[in-house]
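Me: Could you walk me through this one, a question at a time? I would like the cut-offs as we go.

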Amino acid sequence: DKYKKRGKLLQFINSSFLNKFKPDKTLKRLTKSWNTQTVYADFNNDDVDDIFIVERWRENKLLLSEAGKLIDKTKQNFSDFNNNSSSGALAFDYNNDGLLDLLVSREDSVLVLLENFSNGHFKNVSNKKLSCSNKMHLTQKISEFLNVGDLNNDGFTDILINIRTVTGGNNICLMNQEGKYFADYSDSLKIGLPFVDGTILGDIDNDGDLDIYGYRSGRNLLWKNNLDDKNYIKLFLRGIISNTRAIGAKVWIYPAGKLNRKNELVAYKQIGSDIYGTNSFNDLTAHFGLSNKTKYDIKVRFDTGKEIVIRNAAAGHTLIIEELTGLSKTLYLLPGKFIRTIILREFQIYLLIILLAGFTIYFGIKNGILKYKWEFKLYFSLGLINISLFWLILFLTKESNDFIKFLLAPSVLIIGIVLPNLIFMYMKNRSPIEENQEILLDKLFSQLINFTHGEWALRNLNSLQVFFQNAASIDKSDSDLLNQIGNRKETFLKLTSPSIEVIIGLTQKVNSLNEITAELKNGLDYICESLNKNKTECILSDYLLSGSIGQSLNKIKQLISIIKTDIFSQHSSNIISVIQSVVEELKPILNNENITLTKLKDVEDDTLVLIKNFELADILDNSLRNSIKSLSSQKEKRIDVLISRKPPKILIEIEDTGIGIEPNKFEKIFEFGYSQFNGTGKGLFLARKSLDKYGGRIYVKDSTLNFGSKFIIELNKGYKK
């Protein structure tokens, strides 16, 4: 309130982002008087705004910028003008010379035109340029309003005057005659009456010419301009670094190819300089009347000094010119938009709600996957439903009271995530104790061995894949071939598919490769559904369907291979490392019995075999101990261990110089309870059983009584994780 004292001009400077405007009181001394209006415009063309201050009963003031300061140039720059008792003013270039002129309303005469003839030096040209109409000299005047714009699109700015008196009033339209003088067209344009208090100019119907909207006490009026030609260019300027509506920006228009030639200038405007009074202002889209028979070069200089040139612009168009464009615009605006958004209380609460929702969904679904082994379809559907419902409630309640719009959506989401977890926890507590993970892994391993090593399943998959992927080349009239394909289809549905279902179920129970398992199940469901719904002939005839089934079969093989590699890697061991460990354990016995043990290998040190290390160690330990026992009565005591590769198998040959085995007992020694050396008779039996599980075997290759025996242990190649 302390800044509301009469007659002092205060400028409020936006000093930094989000801070309050700070008052600049440097002009208080210069402007102390009966001020009624201030016009900001660059009168001396130094790209710094000057100030023209309108005084009610004292002398108007002209403050021009010089060396960064505003200097009072009133006496020096006004030559033949009684510069007193004014009520308002605006600045515009009436003669297109690139200098802003002043239109001033006076108490004694309604209108004074001051021509800027040299960078802020003015002379009164009212008598020469303005029509001396009696309408402009009404007595008992109450108020007047000035406006300017090119109403007839001839390239020169016209003047509108609204005068209210005690007994009535008039609207006066002075048309610019190519910058030479102004003539009164009020009667011919039929806008003299009814009078209005003020006007707004703008292309309301967007047809390229300026319409007049008059406001007054009572019913407002609209005068629609029916010029409807293409003799115009409209510029919508958008400031980015400077103010948004580009107030203070300058526009010069020249004929194409004649940019910056002063004598060729056809139009000049500074945005906002022609605003009169405080009640209203015109559309800030810059309107220029220009002939549509030529093209133009347009130069725009924003308040920051940024210049943009548009060349060869055709009349009859509206151009949008931005101070910055593209990435630079985005980067400049981003901090402001971001800060303006985040300081809003409502945004902060919504952000907190969204973060809470995100954490709830993430941890709720993660808990379901880890503890209750939710499948992809389940947790995807659950997440999608809850997210959709959350955003729908947020949208529908945005106009409700704070309690509903901020609490309803998160409450529903928390219930939607927590409740399924509680239900699964209840079901888990009521269900039998899950099988031991090791048992489940062994079951899954056995199922994969049966599936991948038993040729029928893979052969069934491969044959169906080949048939369906090559459906186009199959003779549909060959009934034998169709029957063969039909039989393989039935085999898949009755045998292969259930076997894959078992693999899927066991993989889910051991909580391994959940996404792969879900993809495998989806692919299997698709194939089974397609095979059940469609006859063989129909599938083969529909190349799109048959190709899709073929691709799905191939995908199933790939996914099973991934599961196989993962599980088999957990059942693989380094053969060299295991043999080394077993031999080291037996060294004291070998030394005590004077037995020479030789190890030979024809494989790499990192060779893996498909058997767990402790099971392989048990088999080797039992076999070597049997050899040691057979050497107890022999003179030559030697054991040779050879590791070799015989694709696809890896072999361990154990050859000794022991007492040997009778040929009819080559198989009997592997029977439960049989022993040559008064043992339990379980060792070789369990060894063969273990190897059977891994698709391997152990057998006697050769034996001669009193000369020794050779045992072969066959193993499958192991898998690296």
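Me: Which strands each supply at least two residues of the lining of the largest cavity?
Reply: This is a predicted model, where local features need pLDDT of at least 70, side-chain atom pairs count only at pLDDT 80 or more, and totals for chains, interfaces and linings use all residues. Residues are numbered from 1 along each chain as its sequence is written, and side-chain values use heavy atoms, leaving out hydrogens and water. Strands here are DSSP runs of E, at least two residues, numbered from the N terminus. The contributors are β11 (141–149), β15 (198–202), β20 (267–270) and β21 (286–289).

Me: What is the volume of the largest cavity?
Reply: A cavity is a set of points on a 1 Å grid over the protein atoms alone where a 1.4 Å probe fits but cannot get out, and lining residues have an atom within 4 Å of a point. Points are joined across faces, edges and corners, and volume is the space filled by probe spheres set on them. For the largest cavity that gives about 360 Å³.

Me: Which residues of its lining are the closest to its centre?
Reply: The lining of the largest cavity has 29 residues. Strand β21 gives the largest share, 4 residues. Closest to the centre are G149, K269, D274, A286 and H287.

Me: Is T536 buried or exposed?
Reply: T536 sits in helix α12 (residues 536–541). Buried means under 20% relative accessible area, exposed over 50%, partly exposed in between (1.4 Å probe, protein chains only). With a relative accessible area of 9%, T536 is buried.

Terms used: 1 Å grid on protein atoms, 1.4 Å probe; cavity = no way out; pocket = protein on both sides within 12 Å on 5 of 7 lines; lining within 4 Å.
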